[in-house]
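Please look over the structure below with its sequence alongside. The notes that follow take up strands, helices and backbone geometry in turn.

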Amino acid sequence: MIIDTHIHIYGYPSFRDLSKHIRTMEDAIAFRTRYPDLYQCNLTEEPIDNTDDLVSDMDRNGVDFALVQARAGYVSNDLVAAAAKRHPTRMVALARVGHDQEAAGYHEDPGPTREAAPAEIERCLGPLGMMGVGETFVRALTDHVNPEKIAKDLSGIMRVVEKHQVPIQFPTAWSQFPGGLFYGDPLWADEVAARHPGVPIILTKMGRSITSYFDSAMTVAMRNVNIYFDVVGTSPQHLRFAIDKIGAERIMFGTDWSTTWRWLSVPATLHQIRMKVLGDAKLTATEREQILWKNAARIFKLEPSLRRAAKVAA
Ligand SMILES: [Zn+2]
């Protein structure tokens, strides 16, 4: 079984076929600067539900179940919840806040977004039935650079997450979006993890193959047992090192599938790239099982959903 813990859903009409624009990893990263007019569709067009495309990509690649969250832009949590509900045996949803700024640029004053975020997350984890919080781009909620002040600014959302006992994802390293690069070095997350030891914190991309960011992620993970990683963008060497140091039970499979990245086709598809990293890291059968689905099932409390999907014996 495979559970993909890192997927961004919804696209835009102009993104329906990007096969000519995005083939290599470099194309994906350069998409914003290479096609600025096309990229603007993130902000001007009405989002469309692309989970049927997702399910066919999952089927093609042997992925059984997915944790889906909004992509960058004006994709509301209500849209994400509605899309996930259309595929109850294949996916559940994660909440996001501030992801509109990921595409549009960060507000100079993060105060209003920070103040509104706890209530929105409460709404998502309560009435909308979401199973955790997706990638939280920290600059949308704070402009502090001191770890203690960052932790203080994140305390509102962390208290809600703590109450619901669900995980939250923070991205590491770089993204193709403008601004906020400072927060890609996850050293600040130590303070958040220490203040909320009951909350599983997933540092997505575990440094994205950049050694200095990986070292920070590892340092934080070594002294906070509530720190987890996903494998998006990592290297076999970093994955192997992380397994040997913190254990395979703290690492989860993810692809970062999205309306743009799903078009990667050279030299391999997005799924093949991720699976090759697992292969090259020479995982044991147990490690493989933990990373591919067992950890996600445990940490996101997915057993009832998986049972509904008849993936696990009742
Ligand atoms: Zn992502």
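Predicted model: local features only at pLDDT ≥ 70, side-chain atom pairs only at ≥ 80, totals over all residues.

Strand 4 and strand 5 (residues 168-171) pair in the parallel sense, over two bridges.

Phe170 stands opposite Leu203 in strand 6. Which way do the residues of strand 6 (residues 201-204) point? Ile201 and Leu203 point one way, and Ile202 and Thr204 point the other way. All of them are buried.

A second topic is the open sheet of three strands, with order 1-2-3 and parallel pairing. Strand 1 and strand 3 stand at its edges. Each has a single partner strand, so one side of each lacks a neighbour in the sheet. Neighbouring strands of this sheet are turned by 30° against each other on average, direction ignored.

Strand 1 and strand 2 pair over five bridges, in the parallel sense. Ile9 has Ala70 in strand 2 as its bridge partner. In general, strands of a sheet pair through backbone hydrogen bonds, either parallel or antiparallel.

## Helix 5 and its buried face

Which residues of helix 5 (residues 77-85) are buried? They are Asn77, Val80, Ala83 and Ala84. Seen down the axis of helix 5, these buried residues fall within an arc of 125°, so they line one face of the helix. The background is simple: an α-helix has 3.6 residues a turn, so residues three or four places apart point the same way.

What do the buried residues of helix 5 pack against? Their partners include all of the following elements: strand 1 (3-9), strand 2 (65-70) and strand 3 (91-93). Helix 4 (51-61) and helix 7 (111-125) are also among the partners.

## Helix 7 against helix 8

Two packed helices are described by the angle between their axes and the distance between the axes. For helix 7 and helix 8 (residues 147-164), the angle is about 15° and the axes are 8 Å apart. Angles under 35 degrees count as roughly parallel, and helix 7 and helix 8 are therefore roughly parallel to each other. Helix 7 passes helix 8 in a right-handed crossing.

Which residues of helix 7 meet helix 8? Helix 7 brings Arg114, Ala117, Pro118, Ile121, Glu122 and Leu125. In helix 8 they meet Asp153, Gly156, Ile157, Arg159, Val160, Val161 and His164.

## Backbone exceptions

Most residues other than glycine have a negative phi, and most peptide bonds are trans. Gln165 has a phi near 55°, a positive value in a residue other than glycine. Gln165 lies in the loop between helix 8 and strand 5. Is Gln165 buried or exposed? Gln165 is exposed, with 12 other C-beta atoms within 10 Å. Lys301 also has a positive phi, of about 50°, although it is not a glycine. Lys301 sits in the loop between helix 13 and helix 14 (303-308). Lys301 is partly exposed, with 15 other C-beta atoms within 10 Å.

The peptide bond from Val266 to Pro267 is cis, with omega near 0°. Val266 is in the loop between strand 8 and helix 12. Pro267 is found in the loop between strand 8 and helix 12 (270-280). Val266 counts as exposed, with 11 C-beta neighbours inside 10 Å. Leaving aside its neighbours within four places in sequence, Val266 is in contact with Arg23 and Thr24. Val266 and Asp215 are 51 residues apart in sequence and 29 Å apart in space, C-alpha to C-alpha.

## Glu289 in helix 13

Glu289 lies in helix 13 (residues 285-299). Glu289 counts as partly exposed, with 14 C-beta neighbours inside 10 Å. From Glu289 to Phe300 the separation is 11 residues in sequence and 16 Å in space, C-alpha to C-alpha.

Definitions and conventions
Residues numbered from 1 in each chain as written. Buried ≥ 20, exposed ≤ 12 C-beta atoms within 10 Å, placed from the backbone. Helix = DSSP H or I, 4+ residues; strand = E, 2+ residues; numbered from the N terminus. Arc of directions from axis to C-beta. Contact = placed C-beta atoms within 7 Å. Pairing = 2+ DSSP bridges. Axes fitted to C-alpha atoms, helices over the stretch in contact; angles between N-to-C directions. Parallel < 35°, antiparallel > 145°, perpendicular 65-115°, else oblique. Left-handed = near helix turned anticlockwise from the far one by under 90°.
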